[in-house]
Amino acid sequence: MDPEVTSLAQSAGTTLVTLMAADAWQRTRDGFTQLWRRMQPERAETVAAELEAGREDVLAAVAAHDQETLDELRLQWQRSVRRLIVARPAAVEELRRLLDELDPGGSVPRQITQHATASGQARVYQAGRDQHIAER
């Protein structure tokens with residue numbers, strides 16, 4: 001996968017989910033729906049419905065301080081955007097313009113955060129072999 005496409009999709013997913021809980025929601029929804037209308041008109045209505053449902057999920061997650069759900073929603077939208085721009089490379093420039101319009105100052109953090117937990121036990125998978133490692 002092209003790193004530029006991956007980075008753009010990550011940025012779009014993060015920006016979209018962040019703006020779902022902001023005052024700019026209407027403009028954000030309209031912009032993303034129009035993008036799909038131009039690039040994949042057959043999916044535009046489905047995406048519009050997914051945006052509305054996603055916003056409800058984001059608002060509930062924000063109210064509950066549920067970071068895990070917010071992270072899942074970001075990943076969901078990153079995958080959707082990545083599929084769109086892989087299928088329709090012309091969407092790249094339009095998506096960049098849309099993100100610049102929605103967040104001109106770059107105030108939405110455009111980074112991906114990963115969380116890890118150490119258990120003291122681990123498995124190493126190498127070339128189809130499974131090896132158990134215990135912490136000493």
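A crossing of two helices is left-handed if the near helix is turned anticlockwise from the far one by less than a right angle, and right-handed if clockwise. Keep that in mind for the first pair.

Some ground rules. This is a predicted model, where local features need pLDDT of at least 70 and side-chain atom pairs count only at pLDDT 80 or more, while totals for chains, interfaces and linings use all residues. Residues are numbered from 1 along each chain as its sequence is written, and side-chain values use heavy atoms, with hydrogens and water left out.

Confidence next. pLDDT is the predictor's confidence in each residue, from 0 to 100. The chain averages 83, and 76% of the residues score at least 70. Helix α3 has the highest confidence, at 97. Strand β2, residues 129-134, has the lowest, at a mean of 44. Residues 110-119 are below 50, and that stretch has 10 contacts beyond near neighbours in sequence. Residues 124-136 also stay under 50, with 16 contacts beyond four places in sequence. Contact here means heavy atoms within 4.5 Å.

Now the helices, which are DSSP runs (H or I, at least four residues; strands are E, at least two), numbered from the N terminus. Two packed helices are described by the angle between their axes and the distance between the axes. Axes are lines fitted to C-alpha atoms, for helices over the stretch in contact, and angles run from 0 to 180 degrees between N-to-C directions.

First pair: α3, residues 44-64, and α4, residues 67-87. They pack at about 160°, with axes 9 Å apart. So α3 and α4 are roughly antiparallel (over 145 degrees; under 35 is roughly parallel, 65 to 115 roughly perpendicular, the rest oblique). The crossing of α3 past α4 is left-handed. Who touches whom? On α3, the residues include Val47, Leu51 and Val58; they face Thr69, Leu70, Leu73 and Trp77 of α4. By class, this contact has eight nonpolar, two polar and two charged residues.

Val81, Leu84 and Ile85 of α4 meet Ala91, Val92 and Leu95 of α5.

Last, salt bridges: a side-chain nitrogen of Lys or Arg within 4 Å of a carboxyl oxygen of Asp or Glu. The structure holds eight. One of them joins arginine 96 and glutamate 4, at 2.0 Å, N to O. Arginine 96 is in α5 and glutamate 4 in α1, residues 3-20, so the pair ties together parts 92 residues apart in sequence.

How values were computed
Ala, Val, Leu, Ile, Met, Phe, Trp, Tyr, Cys and Pro count as nonpolar, Asp, Glu, Lys and Arg as charged, and the others, Gly among them, as polar.
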